[in-house]
Amino acid sequence: MTRAAWRTLALAVTAWLTLTPLVSAQDRPLSLDLPPEGSFRSHQLANGVTDHWHLGAAAGQLVDVAIEPIGITLNDTLAWPRVTVFGPGGTPVDDATAPAFTLSIDTGLQFIVSFVAASGGDYEIRVAAEHQAAPQLPYRLTTRRHVATSDTDQVHVTAIRLAREALQTNAANTPEAHQTGLRKLESARALLQDRTPEDEDIAALLNTMAAVHYQMSEGAAGQALDLRALERWRAADPMHAHAYDEAERLWIGLGAIEQAAPDRIVAARASAWRA
């Protein structure tokens with residue numbers, strides 16, 4: 001090869017490297033296996049990246065998955081991820097652009113995708129960072145149910161989608177949007193109460209309705225709904241009641257410590273702050 005040919009080749013390679021974007025491993029879509037039913041997996045969602053979670057489902061199986069972003073709240077609408085589901089052959093199945101539940105305004109945001117598989121095969125859940133400001137968004141994905149369907153499962157799917165619509169509407173943050181969101185949340189709650197009264201999601205819906213009332217500065221209504229939710233959580237599972245009792249015991253104990261030695265507590269806090 002002549003010197004002129006080498007020079008031409010070198011210029012071509014340089015131009016290709018300059019014009020072709022380099023894709024790092026961090027920026028590529030990440031392929032992950034869905035955890036078994038009743039278990040979860042924690043992960044970091046990189047800004048501008050989509051995580052791909054894979055699962056197999058038989059025709060008629062209910063798949064119900066929760067994605068809980070850590071560190072964003074009900075008011076952080078621009079930071080909400082988008083969760084979409086595709087079935088065999090890339091068929092769209094579900095699309096969650098808003099959470100279904102929030103345990104309070106400041107914590108407990110949950111995006112839920114819930115569907116009954118129309119056909120057997122491979123399914124994919126994509127978690128995408130659309131307007132995420134932080135370079136990494138930690139989240140926890142939990143497979144809540146991955147079982148053969150029952151007569152009430154389609155009711156559950158409908159209620160979940162109503163709840164997502166409610167919080168999508170509520171995101172407009174106007175009095176009318178709050179009222180419309182509350183009506184949809186109440187419709188979802190009534191649907192579950194009528195067909196699956198033992199469903200724990202009824203408690204989550206009550207917490208979510210309470211959070212909307214707090215947004216509206218209606219503290220009394222919010223507190224009443226939170227108390228109803230608490231009773232449902234306690235009744236739903238003995239472990240819930242035990243966890244609440246332990247938390248209450250620790251809270252009372254901390255209060256007693258502060259009353260007994262307020263100067264030491266203040267000094268310790270000040271030392272920790274300076275450190």
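**View 1. Strand β9 gives the most to the lining of the largest pocket, with 5 residues.** The model is predicted; local features need pLDDT of at least 70, side-chain atom pairs need 80 or more, and totals for chains, interfaces and linings use all residues. Residues are numbered from 1 along each chain, and side-chain values use heavy atoms, without hydrogens or water. The pocket volume is about 760 Å³. A pocket is an open set of points on a 1 Å grid where a 1.4 Å probe fits, with protein on both sides within 12 Å along at least five of seven lines; lining residues have an atom within 4 Å of a point. Of 33 lining residues, Q110, R144, E200, D201 and W233 are the closest to the centre. β4 (61-69), β9 (136-148), α2 (153-170) and α4 (201-215) each supply at least two lining residues. Helices (H or I, at least four residues) and strands (E, at least two) are DSSP runs.

**View 2. The second largest pocket holds about 160 Å³ of space.** Its lining is L103, S104, N207, D226, A229, L230 and W233. Helix α5 (residues 219-236) gives the most, with 4 residues.

**View 3. Helices α2 and α3 (residues 175-195) cross at roughly 165°, with axes that come within 8 Å.** Axes are lines fitted to C-alpha atoms over the stretch in contact, and angles run from 0 to 180 degrees between N-to-C directions. The two helices are therefore roughly antiparallel (over 145 degrees). Residues in contact (heavy atoms within 4.5 Å) include L162 and A166 of α2 and L185 and A188 of α3.

Terms used
Points joined across faces, edges and corners; volume = space filled by probe spheres on them. Parallel < 35°, antiparallel > 145°, perpendicular 65-115°, else oblique.
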